[in-house]
Amino acid sequence: MRAPTSHSHVLFSLAAMAFAASAQSLVKDIRLPSGGLSNAGRPQWFVDLGGLAVFQATNAFGRELWASDGTALGTRLIKDINPGAGDSYPENLTVANGVVFFNASVPGLGRELWRSDATAAGTFLLRDAAPGSSSGTFDLEIVAFGGHAWFASNDGQGRELWRSDGSIAGTARFADLNPGGGFSNPERFTVAAGALYFTAAVPGLGTELWRTDGTVAGTQLVADLNPGAGSTAFTALAGTPNGLFFAADAQNGTGTELWLLGPGPAGTAQLVIDLNPGTSGSVIEELAAFGNGVLFRADNGAGNGSEPWYSDGTTAGTVALGDLRIGSQSSIAAFFFPITPTRALFTAFSDATGRELYVTDGTAAGTQLLETNPGFLSGTPNLPYFAAINSGAMFVANLEVWFSDGTPGGTALVRDVFPGNPGSLPSSLTRVGNQVLFQASPSFAVSAELFRSDGTFAGTSLVADLFPPQGDSFPTGFTPAPNGVVFAADDGSGIELWSSDGTAAGTQMLDLGPGAAAPTGFVAFGNAIYCAATWSGLGQELLRTDGSLAGTAFVADLRPGTASSSPQALTSAAGRLWFTAIDDLGGREPWVSDGTVSGTLRLADVRPGITDSGAGLFTACGTNRVVFRAEDGSTGAELWSSDGTPGGTSLIDISVGAAGSAPDSFASIGNLTYFAATTPAAGRELWVTDGTAAGTQLVVDLRPGTAASNPFQLVALASGTLVFVAAGPSGGAEPHRSDGTAAGTALIGQVVPGSASGSIADMVAVGNLAFFTAVNPASGRELWVTDGLGVSLVKDIYPGEPNGVITGTLRRNGNGVAFVGSDGVDGLQIWTSDGTTNGTVQVGKIGPIGGAGAAEIGELTTIGTDTWFWADEGITGREPWRISITGVAASVSNYGLGCAGTGGIVPVIGANGLPRLGNTNWGFAVSNGLPFSIALLVAGFTPTNVPLGPCRINVAPPWFVQPTTFLDSSGAGLAPVPIPNTASLAGTLLYGQWVVIDPVAPLLGLGSSSGGLAAQIGN
């Protein structure tokens, strides 16, 4: 811990300071957007959160949650819920109690209930009802009632009635209507006359109608229309001041007809009218509240087909609105949408007009056509969207946006968003504040993006292109060069060789001439980089470069003329460059090179003729020899050994016969190489070789007999211990160690106890530690470590079941590892670890939006003190990046206990990002406090754990107190602590604790308190 310094007064000053340079940087945007067709943002599921639109849309981060105030600058991704380019598919968005509730999917969590206040920090999982990858909620209803969101969920005790107030503690099963694991399957949630109605299935009752007033005692069955165990078939519900209208078949001989349940707990259900006497029913559909009654579609059996009706809940007040399609065929009236208490719009079909817009006042005389496309062609599609505005509604007709106030003169095109015949295909029209938001395509170049309208021509415009074109250069193969790095990338003219010193100005193409070089298989050997590349007139051959154009040339034309030798499997080992290539004498065979024309030669024609030998996996075995895998056509895929000369290249036949031992997963320790191989007697087990037949032997038969332990992920610790993954007698694939003897080979530990496997991957050795990723049911895929004696989870980076580490990204970095991960808060970022919990931290911050991170990151490569990688931060596309992972890493971690206040709720301390040098926006955050109260931040340089009555003090004096943080309606606030860009502050530790003024809390009778937060200033 660092003692207080003269900088302490600066740290807690709110004076404006300059930002430090970012820890990571885009090297160069090699391929700019072409300006061609954009991808589709496809915004939909709009809801109004206090005048702010919250919705789902797609861009480089996948299909995620967005917000917009109707301006381009005010349109933003709220949070990348499923970090990276994957989709979380937020759906069923519903506003209740001042937040948006929705269902979303995250790998490891399944589909569950989330909430958002339109900020990244305020967007989080409310309950993992079905732990693990199973889903507690699906694409089902969420409805607001009584300050809660109500929905159905399954926590393993059956699908039952749940509710949430927007907090984790306030999200729980409300009623177990079918106890003991049964499913009551509540659905068709409808609010009517101050209560929430729904259908549910209970043994002995079947599926019937239920009601709740928001209390357990007030949750009861209100209508058992089909007495006994039989079920009533409900097709639609609609709430009105007069009570609940619903369409149902009570299995009493009337078929599906219209019913009304009076308001209040004592309300009774009565059949309104048997429109079509007999068992067939009137097949009521499209039930919509209108005034004190309902609009619906029904067939009364009189030969008119299915037509529009209105009912006020009485027999006499149930009337047909007209036979809109003359004769026995149906007009299929749909989408009834009230625009005033006495006027509603809907669509219907007739042979003369096609599907068109109609208006009704609930009478036949007051029902008339509002034609948008004269003649028999339809003006309105089958799935229109209505949005109320200006005492009327906007809707879709003729593939564009229209407005109607319910009169012929007031029904007109708002704007031809895509001029001409194609149409902009608007959809998802939703009123938000004083405007309507929707998606539309204004041209062939911009597809399905965000628009706004106030119902007028001038007030209709594109808000933002959520998914504009991106120019991906697809950089790959970062390899250290004498003055920087070389890699392959595409600037739009094809994949070429590039070099860079880490700056945009110092990044250049090494153009080899006409055509794309398409370099692949980069490997550093000697003072140069080698790869396979194509040169006009030569085909694809072996290339050598020092990172400059002058120092770039082909080593040799192994297959003279335009035919290609296509070098592959390039490997630097035992002082030579090893690879496979094709020449005119045979198929693909093993080659070796010292970097010169004369020193480049074929080692052997392992498989005579034109058939490939499948050589590869070249691995050092001692200082002057390699072993590899190849197939000669008669012994199967077997082990081969070479000293770099044709005469010194020979077969080591482990499994005699044509089957072959199929060796792989090679790892070198000293003069020995370990690998996995298969024999008929032992199955696939661990072997070792010194490069000779006599020195090649089975190390141990972990699963005695023919059963296979299938060793893989072999790595060598600095101590000479081999670490690998294999299945032991129990069958689970777990970490093992070996000293090269059977007695010295043993199980290290288990990621998942028992016979299950932890899906171990990405094994990387660093000194005497081996890092790897694995899946544990409680933590998802996270970072693990072993020293050869035991295994442990380093850190649950994304707490709970979601995956915190991206498979395939773990790389050695100095004395630890770097990898791509997400904590569920800051999106996809670069992380480093030294094998300890506190030493596992996010470094840098990619992405311009909090909670977003990068859409994609890959190919982490350490070059000097830098880590190079490609990334797409959602703006430039996939381009080359680098980050300097040096010095002290900024980090935050919680410690100590808090003290509960009103309602038994403990305030939570957090931080606004990481305390990096130059981060003038950093600060201590508080949440879960008493709404609209005042909070005091107590901060200092020393932690403590001193009891004060029933509470604890977590920060030792001297204190720096900021007493004027006003909490918002959710009990959240922030105390800014700007971090200067002063290098000497790196490593300084700050400690903070919040005290929230709360008259019923126990801390000196003044308030509640949070636990402590330790913050280390760094890079």
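Figure 1. The model is predicted, so local features need pLDDT of at least 70 and side-chain atom pairs count only at pLDDT 80 or more, whereas totals for chains, interfaces and linings use all residues. Residues are numbered from 1 along each chain as its sequence is written, and side-chain values use heavy atoms, with hydrogens and water left out. I997 belongs to strand β81, residues 989–997 (strands are DSSP runs of E with at least two residues, and helices are runs of H or I with at least four, numbered from the N terminus). Together with I934 and F966, I997 makes a nonpolar surface patch of about 280 Å². Members of a patch have over 30% relative accessible area and no salt bridge, with nonpolar side chains (Val, Leu, Ile, Met, Phe, Trp, Tyr) joined within 5 Å and like charges within 9 Å.

**Figure 2. The largest nonpolar core, which has 21 residues.** Within this core, W922, F924, L937, L990 and W994 touch the most other members. At least two core residues come from each of β75 (923–927), β76 (934–940), β81 and β82 (1007–1016). The core is a set of buried Ala, Val, Leu, Ile, Met, Phe, Trp, Tyr and Cys residues joined through side-chain atoms within 4.5 Å. When neighbours within four places in sequence are set aside, the contacts of W922 (heavy atoms within 4.5 Å) include V892, L914, P976, I979, L990 and A1015.

**Figure 3. A salt bridge between the side chains of R111 and E91, at 3.5 Å from N to O.** R111 in strand β8 (residues 110–116) and E91 in strand β6 (residues 91–96) are 20 residues apart, and the pair links distant parts of the chain. R111 is buried at 8% relative accessibility, and E91 is likewise buried, with a relative accessible area of 17%. A salt bridge is taken as a side-chain nitrogen of Lys or Arg within 4 Å of a carboxyl oxygen of Asp or Glu, and a search of the whole structure finds 11 of them.

**Figure 4. A salt bridge between the side chains of R684 and D664, at 2.9 Å from N to O.** This pair, too, links distant parts of the chain, with R684 in strand β56 (residues 683–689) and D664 in strand β54 (residues 664–669), 20 residues apart. R684 is buried, with a relative accessible area of 14%, whereas D664 at 25% relative accessibility counts as partly exposed.

**Figure 5. A salt bridge between the side chains of R878 and E856, at 3.2 Å from N to O.** R878 lies in the loop between β71 (866–872) and β72 (879–884), and its partner E856, 22 residues apart, lies in strand β70 (residues 856–863). R878 is buried, with a relative accessible area of 17%, while E856, with 28%, is partly exposed.

**Figure 6. S391 and S759, two residues with a positive phi although neither is a glycine.** Most residues other than glycine have a negative phi. S391, with a phi of about 60°, sits in the loop between β30 (387–389) and β31 (392–397) and is exposed at 57% relative accessibility. S759, with a phi of about 50°, is found in the loop between β61 (746–747) and β62 (761–766) and is partly exposed at 41% relative accessibility.

Conventions. Areas by Shrake-Rupley, 256 points an atom, 1.4 Å probe, with all protein chains shown as cover. Buried < 20%, exposed > 50% of the residue type's maximum accessible area, 1.4 Å probe, protein only.
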